[in-house]
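This report describes the strand order, helix packing, chain contact and salt bridges of the structure shown below.

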Amino acid sequence: MLVVGIDVGSTSAKAVLFDGRIKVYAIQPTGWSPREAGAEVLAEILDKAGLSRREVANIVGTGYGRVALNFIDQAVTEITCQARGINYLTGKAGTIIDIGGQDTKVITVNEQGKVVDFVMNDKCAAGTGRFLEVMATAMGMDVDELGSLPENVNPVNISSMCTVFAESEVISLLAGGVAREEIVAGLHRAVARRVKSMLKNTAPATVVFTGGGAKNEGLRRALAAELGVEVMVPAEPQITGALGAAIIAWEGNGGAVAHN
Amino acid sequence: MSDTYREMWRELNMDLEKHDVFLGTLPVAFGEVFLRQENRPAGMAYFDNALAEAHGGRIQEILAGKKAGRMVAGTFCVFAPEELIFAVDGISIGLCGGAQFTVPTGEQVLPRNLCPLIKSAMGFKLDRICPYFQAVDFLIGETTCDGKKKTWEILNEYVPTYVMELPQKKGTADLTLWEGEIHRLKEEIEHRSGREITADRLASGIKMANARRDALARLYRARWADPVPISGKDALLISQLAFFDDPERFTAQVNSLCDELEDRIARGEGVARKGAPRILVTGTPMALPYWKLHHLVETSGAVIVGEETCTGTRYFAGRVAEDGRTVEEQVKDLARRLTAINCACFTPNKERVEDILRLVRDARADGVIYFSLQFCQPFGVEGRLVERALQEAGVPVLRLESDYSEEDVAQLKTRIEAFLEMIAS
């Protein structure tokens with residue numbers, strides 16, 4: 001049996017072809033049309049695997065674009081999908097921190113991969129991928145470059161988490177001659193503190209970091225430092241939601257899932 | 001819209017062009033949110049029409065009353081003792097605002113980081129698109145929160161606004177203060193209406209308000225059934241209209257709807273499948289035409305089976321004793337209602353948690369959504385205590401904060417759906 005999970009996020013669309021294990025996966029930018037992005041990323045994995053759509057038994061869609069996907073069998077939120085995906089990869093209860101393009105989520109999962117509690121940012125972009133993207137642009141950088149800056153710098157204090165105010169703050173810090181890497185370290189710490197406040201004073205034992213934000217090593221270090229725990233990043237942190245969707249599709253068609 | 005109405009709005013000094021734009025958005029929203037529901041009770045027709053005529057027929061009626069010498073008072077809170085208004089055969093209108101449309105205008109005179117309910121209400125007055133605001137003789141504000149308290153001072157520049165001091169605790173001294181405030185309002189109403197409030201007149205005012213409370217309580221009890229005989233959206237609409245409609249007619253209509261709902265319950269008929277996830281909403285009021293949360297929840301496969309809000313159970317809480325023989329006794333009874341309404345403006349407010357837990361049990365709710373309007377300090381802060389108490393009782397709870405705009409709908413939907421998935425698993 002073959003099933004597919006598709007996660008259309010605000011920034012990128014991800015798909016996983018699953019046959020009891022991850023067979024192939026793909027990641028594409030979402031662009032302006034979530035429906036087309038979903039269709040294209042599906043076409044890409046089918047193409048990679050040399051399969052046709054008819055050979056796929058079940059497709060579960062997730063992510064903010066799930067409502068736009070007219071070719072899926074079921075839509076499930078990314079919160080439930082992340083929980084299933086990470087539980088499949090780790091086999092453990094724990095806390096997931098997911099930093100995507102528009103949203104930051106903290107999800108608490110039990111040993112069966114069920115969501116026990118979750119928190120998601122309000123419509124404000126503070127602490128999201130979008131926040132870092134705007135700051136990167138203000139510094140003339142690409143958001144992907146933020147994570148590769150040197151580790152041992154003194155983070156400058158960023159006082160505002162409001163994207164608009166923080167942008168002016170970054171610009172004035174640059175004008176004042178503060179080094180870029182210190183500003184970036186400061187931004188990472190600010191995002192990490194924001195995430196910490198979403199944990200509502202509970203100290204998680206294990207933290208898995210997912211979403212596009214998890215590809216930023218500097219941000220991972222800042223989270224580990226602020227939370228005082230080890231922060232693990234899956235091999236491919238962007239596809240864990242699509243993986244969870246695939247697992248739900250798999251189980252929906254009667255498949256049993258062994259942990260990875 | 002008929003020319004008669006336009007003429008009436010012109011006489012009320014309304015901004016006709018802006019009003020057209022505002023009204024133009026409503027039929028679309030109403031059709032989308034309400035008329036697409038399946039198997040709606042036939043008794044909803046009255047309320048659909050009441051909403052359709054909210055700026056038309058109902059205003060005509062109020063203006064006719066006004067011409068005949070009836071006083072028209074606007075209120076903003078479930079604590080306003082409407083019984084005093086009824087006692088002089090006055091017309092009482094609840095004026096809280098629930099539309100994003102008027103928020104930007106409200107922000108011209110109020111800080112942006114103030115709750116949308118206050119900004120919207122202020123905007124309705126400044127924009128001159130609310131015929132109720134234009135028709136009232138005066139407003140009765142109260143000191144439930146700092147935002148409202150200070151807003152009355154500004155609103156008073158546009159329409160006479162009388163302020164009652166609502167205590168923040170429920171001790172003996174607080175009850176005495178509130179009793180004094182009700183006496184003071186009684187004098188104000190007597191002065192404004194030119195009618196004396198006698199024990200007989202007040203007794204009938206109390207009966208009228210109680211009858212409406214009883215009818216709403218009955219409606220809310222019907223929602224405990226599974227399958228639920230009426231949607232949360234429809235029940236919310238009825239609660240919202242309670243603030244505008246003629247109380248006696250409204251009560252009769254709610255009761256006849258309840259007859260229908262009770263028949264449905266006996267037949268096991270509902271608007272959602274038996275076993276559909278059941279949600280209790282608690283938090284800040286949802287003033288007309290705010291239906292966003294209910295619409296999101298009920299288009300995600302769940303039903304809302306109760307609201308512990310001012311446009312819900314808090315509105316009809318605190319039935320007033322009907323056996324007071326003197327005005328003194330009756331005012332004491334009216335003041336005692338204070339202790340039965342567990343608003344976050346009180347400290348401490350532990351009874352609210354008890355109310356919520358009882359409602360969860362009675363309405364067989366699977367989870368609670370704690371909804372707070374942005375920048376509402378009392379309900380925002382109290383959320384932590386309620387959330388913890390619910391978690392300790394093993395009741396799943398989702399906290400949401402929002403305003404009247406549509407920009408966060410996708411995010412809210414994700415959270416609501418994830419919450420429902422969490423409950424179902």
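In this predicted model, B:Val281 has B:Ile369, a residue of strand 7 of chain B, as its bridge partner. The two strands concerned, strand 5 (residues 278-283) and strand 7 (residues 367-373) of chain B, run parallel and are joined by 5 bridges. They belong to an open sheet of 4 strands in chain B, ordered 6-5-7-8 and paired in parallel. Strand 6 (303-308) and strand 8 (397-402) of chain B each have a single partner strand, so one side of each is left without a neighbour in the sheet. From one strand to the next, the twist averages 25°. Helix 19 (residues 409-424) of chain B lies across strand 5, strand 7 and strand 8 of chain B, and runs at about 175° to strand 8.

Chain B also contains an open sheet in the order 2-1-3-4, formed by 4 strands with parallel pairing. At its edges stand strand 2 (91-94) and strand 4 (161-164) of chain B; each has a single partner strand and therefore one side without a neighbour in the sheet. Neighbouring strands of this sheet are turned against each other by 25° on average, direction ignored. Strand 1 (residues 72-75) and strand 3 (residues 138-142) of chain B pair in the parallel sense over 3 bridges, and B:Thr75 stands opposite B:Ile140 of strand 3. Helix 9 (residues 146-155) of chain B packs on this sheet, where it touches strand 3 and strand 4 of chain B, and its direction makes about 155° with that of strand 3. Helix 10 (residues 172-193) of chain B likewise touches strand 3 and strand 4 of chain B, with its direction at about 155° to that of strand 4.

| Helix of chain B | Reference strand of chain B | Angle |
|---|---|---|
| Helix 9 (residues 146-155) | Strand 3 | about 155° |
| Helix 10 (residues 172-193) | Strand 4 | about 155° |
| Helix 19 (residues 409-424) | Strand 8 | about 175° |

Two packed helices are described by the angle between their axes and the distance between the axes. For helix 2 (residues 16-35) and helix 12 (residues 232-242) of chain B, the axes come within 10 Å and cross at roughly 130°. In the contact, B:Phe30, B:Val33 and B:Phe34 of helix 2 meet B:Lys233, B:Asp234 and B:Leu237 of helix 12. The residues of this contact divide into 4 nonpolar, no polar and 2 charged.

Salt bridges occur within chain B and between the chains. Over all chains, a search of the whole structure finds 49 salt bridges. One of them joins the side chains of B:Arg212 and B:Glu82, at 2.6 Å from N to O. B:Arg212 lies in helix 11 (residues 199-222) of chain B and B:Glu82 in helix 5 (residues 82-87) of chain B, so this pair ties together parts that are 130 residues apart in sequence.

The contact between the chains takes 19 residues from chain B and 20 residues from chain A. Chain B and chain A bury about 1600 Å² between them, with 49% of this area on carbon and sulfur atoms. The count of salt bridges between chain B and chain A is 1. B:Glu417 forms a salt bridge with A:Arg66, and the closest N and O atoms are 2.8 Å apart.

Key. Residues are numbered from 1 along each chain as its sequence is written. Chains are lettered from A and ligands numbered from 1 in the order in which they are written. This is a predicted model: local features need pLDDT of at least 70, side-chain atom pairs count only at pLDDT 80 or more; totals for chains, interfaces and linings use all residues. Side-chain values use heavy atoms; hydrogens and water are left out. Two strands pair if DSSP finds at least two bridges between them. Axes are lines fitted to C-alpha atoms, for helices over the stretch in contact, and angles run from 0 to 180 degrees between N-to-C directions. Contact means heavy atoms within 4.5 Å. Ala, Val, Leu, Ile, Met, Phe, Trp, Tyr, Cys and Pro count as nonpolar, Asp, Glu, Lys and Arg as charged, and the others, Gly among them, as polar. Buried area is the accessible area (1.4 Å probe) that two parts lose on being put together, summed over both. A salt bridge is a side-chain nitrogen of Lys or Arg within 4 Å of a carboxyl oxygen of Asp or Glu.
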